[in-house]
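Visitor: I'd like a close look at one part of this model: the aromatic side chains and what surrounds them. Could you walk me through it?

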Amino acid sequence: MKTRASFAGAPIHPMLVHYPIALWTTSVVTDVVFYFHRNTSLILISKFLIAAGIVGAILAAMPGLIDWLTITEPAAKKTGTLHMILNLSALLLFGVSLYLRMKNYGAAAVGHHLQVPFVVSVAGLIDMTIAASLGGKLVYRYRMGVDEGAPKPDSAS
């Protein structure tokens, strides 16, 4: 299934999804390191990683939605719908985690220990990981974004 959301013949959604995945995963790793070293700079780094991941997820969602709207095969549409729902819930979970970390907003409700935002981020990471595996299923099983008519690369070069 060739994608409609493409740039220079390449699908845009897979180009962009790596950023929120990497940023949110690194934010959870940064939180874990904070619990062992208590360097307060890590808290700030984690906030920026989560915020940048949210921006990246929103940017990746736009071409993803265009691709989802073009799916016609029922099994692929079902997988794509679950992929979208899980990604939206991961976005929501990381948004809540960021909100709970903000000094003038949610931090007063959870204190300075950050256990609640950390647990919310871990839930978002698990959610995102499952969604990413479904994205892989869309590509490898249902051939979403694969141009079957493209010439095969020359193996001799």
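Guide: Let's start with Tyr35, which counts as partly exposed because its relative accessibility is 25% (buried is under 20% relative accessible area, exposed over 50%, partly exposed in between, with a 1.4 Å probe and protein chains only). This is a predicted model, in which local features need pLDDT of at least 70 and side-chain atom pairs pLDDT 80 or more, while totals for chains, interfaces and linings use all residues. Residues are numbered from 1 along each chain as its sequence is written, and side-chain values use heavy atoms, leaving out hydrogens and water.

Tyr35 belongs to one aromatic cluster with Phe34 and Phe118. Searching the whole structure turns up three aromatic pairs (ring centres within 6.5 Å, using the six-membered ring of Trp; planes under 30 degrees apart are stacked, over 60 edge-to-face, the rest tilted). One of them is Trp24 with Phe94, a stacked pair at 4.4 Å centre to centre and 10° between the planes. Since Trp24 sits in helix α2 and Phe94 in helix α4, this pair ties together parts that are 70 residues apart in sequence (helices are DSSP runs of H or I, at least four residues, and strands are runs of E, at least two, numbered from the N terminus). Trp24 and Phe94 are both buried. Tyr35 pairs with Phe118 edge-to-face, at 5.5 Å centre to centre and 65° between the planes. Here Tyr35 comes from helix α2 and Phe118 from helix α6, so the link joins parts 83 residues apart in sequence.

Now for the wider setting. The protein chain has six helices and two strands, following the pattern β-β-α-α-α-α-α-α along the sequence. Of its 157 residues, 36% are buried. Among contacts with a separation of 6 or more, 72% come from residues 24 or more positions apart.

Technical notes. Contact = heavy atoms within 4.5 Å.
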